Amino acid sequence: MARALRLAERGRYTAHPNPVVGCVLVSGGAVVGEGFHAKTGEAHAEVNALQAAGDAARGSVAYVSLEPCSHHGRTPPCTEALIKAGVRKVIASMEDPNKDVAGQGLKTLADAGIEVQTGLMQSAAVSLNRGFLKRVTEQRPLVRLNLAASIDGAIAMAGGESQWITGPEARADVQRLRARSGAIMTGIGSVLADDPSLNVRAMDSETGGLQPIRVVLDSRLRMPLAAGMLALPGTTLVCCTGDPDTNALQNMNADVQSFPALDGRVDADAVLRELAERGVNEVLVEAGAALAGDLLEKDLVDELVIYQAPHIMGSQTMGLVNTPSWTALSDRQALTITDVRRIGGDTRITATPKQSD
């Protein structure tokens, strides 16, 4: 199963909005076939493993990181392929909560006389597909907040200068965060200050050229027609409030949509739910202190990735997040640090917010 989970990772940059899945077929104590789901619309992990095994699949045990599907989607059901191949046992790390599967795959296999088992290395399987699981169970994607700061918590000088706080290795690492995301979100303030591209660069061999949706929260629709991202391939979703004139931006191929307002801003939760409707599993937020703080205040952040540079920027700077509602020590957001590692000369800290008691 550990091998199946590692295989699943190979689809990290290309399988979304589908989950990443790996499959290993074992017969007589030896691996006879293995596969993973590489891309939406292409064969699933089980089918690739069966094709690799050929006749050796008959009588084998299939280790799958997620319950096999039993419905017709873009591809035929994996349960049908496993039954036809004569697999004698299927061990799925976890059930698929997707309403189109939700235990029906395992039931189909059991009804066909195949022994089924679930739960092996389940926590690892859940971690592997956190975004997909959140989308299908809560109708909201996983939100990952990406921050870069000096060791004293500054993201820019008081005048706005911020390039570059971290080193080239950290910036390259962010490209991998972008590549695994279905959307990258920022605020209009960052667009006006930095004109970011919000695209994946120099990873075509790993991503197949896929680009995430670029999302700009822009309540008053100040998005410049000359913004660099509007000229790039892919979708730029500009989220405003009210009923402004959107023709000029739409003529620049922007997808402009109006959302409810909340506290004078675009309701970020409504935007996230729209992204879930579009099949987005993971959203990477690359924004300034205002949007980052707003998401934290509203408990919309599932994970933080903080790149901390080994220098002190001093007092004439901008802080990491802007959270005006946090006025007492008790308001602070407690974090659980899940990973710490060096990326070039910088330190990458991965953490998840702790839930309040």
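Tutor: A residue is called buried here when its relative accessible area is under 20%, exposed when that area is over 50%, and partly exposed in between. The model is a predicted one. By that cut-off, helix H12, residues 289-297, has seven buried residues out of nine, so H12 is largely enclosed by the rest of the structure. The buried positions of H12 are Ala 289, Leu 291, Ala 292, Gly 293, Asp 294, Leu 295 and Leu 296.

After H12 comes Asp 299, with a positive phi near 55 degrees. Asp 299 is not a glycine, yet it has this positive phi. Its place is the loop that joins H12 to strand E15 (303-309). In contrast to the buried positions of H12, Asp 299 has a relative accessibility of 59% and therefore counts as exposed.

A positive phi in a residue other than glycine is also found at Leu 198, again near 55 degrees. Leu 198 belongs to the loop between helix H8 (188-194) and helix H9 (204-207). Its relative accessibility is 1%, so Leu 198 counts as buried.

One runs from His 16 to Pro 17, with omega near 15 degrees, and Pro 17 sits in the loop between H1 and E1. Another runs from Gln 163 to Trp 164, with omega near 0 degrees, and Trp 164 is located in the loop between strand E7 (154-157) and helix H7 (168-179).

Turning to the packed regions, the largest nonpolar core holds 32 residues, of which Cys 23, Leu 25, Leu 50, Ala 62, Leu 82 and Val 90 touch the most other members. Two or more residues of this core come from each of helix H1 (2-8), strand E1 (22-27), H2, strand E3 (61-64), H3, strand E4 (89-92), helix H5 (122-128) and helix H6 (130-138). Another core, of 28 residues, lies apart from it and includes Ala 183, Val 266, Val 283 and Ile 306. In soluble globular proteins, nonpolar side chains tend to be buried together.

Within the largest core, Leu 82 is one of the residues that touch the most other members. Residues up to four places away in sequence aside, Leu 82 touches Glu 46, Leu 50, Ala 62, Pro 68, Val 87, Val 90, Leu 109 and Ile 114.

Leu 82 also takes part in the packing of two helices. The axes of H2 (residues 45-53) and H3 (residues 78-85) come within 9 Å and cross at roughly 25 degrees. Angles under 35 degrees count as roughly parallel, so H2 is roughly parallel to H3. The crossing of H2 past H3 is left-handed. On the H2 side the contact is made by Glu 46, Val 47 and Leu 50, and on the H3 side by Cys 78, Ala 81, Leu 82 and Ala 85. Six of these contact residues are nonpolar, none is polar and one is charged.

Thr 246 lies between strand E10 (236-240) and helix H10 (247-251). Neighbours within four places in sequence aside, Thr 246 is in contact with Leu 221 and Val 256.

Notes:
Residues are numbered from 1 along each chain as its sequence is written. This is a predicted model: local features need pLDDT of at least 70, side-chain atom pairs count only at pLDDT 80 or more; totals for chains, interfaces and linings use all residues. Side-chain values use heavy atoms; hydrogens and water are left out. Axes are lines fitted to C-alpha atoms, for helices over the stretch in contact, and angles run from 0 to 180 degrees between N-to-C directions. Helices (H or I, at least four residues) and strands (E, at least two) are DSSP runs, numbered from the N terminus. Angles under 35 degrees count as roughly parallel, over 145 as roughly antiparallel, 65 to 115 as roughly perpendicular and the rest as oblique. A crossing is left-handed if the near helix is turned anticlockwise from the far one by less than a right angle, and right-handed if clockwise. Contact means heavy atoms within 4.5 Å. Ala, Val, Leu, Ile, Met, Phe, Trp, Tyr, Cys and Pro count as nonpolar, Asp, Glu, Lys and Arg as charged, and the others, Gly among them, as polar. A nonpolar core is a set of buried Ala, Val, Leu, Ile, Met, Phe, Trp, Tyr and Cys residues joined through side-chain atoms within 4.5 Å. Buried means under 20% relative accessible area, exposed over 50%, partly exposed in between (1.4 Å probe, protein chains only).
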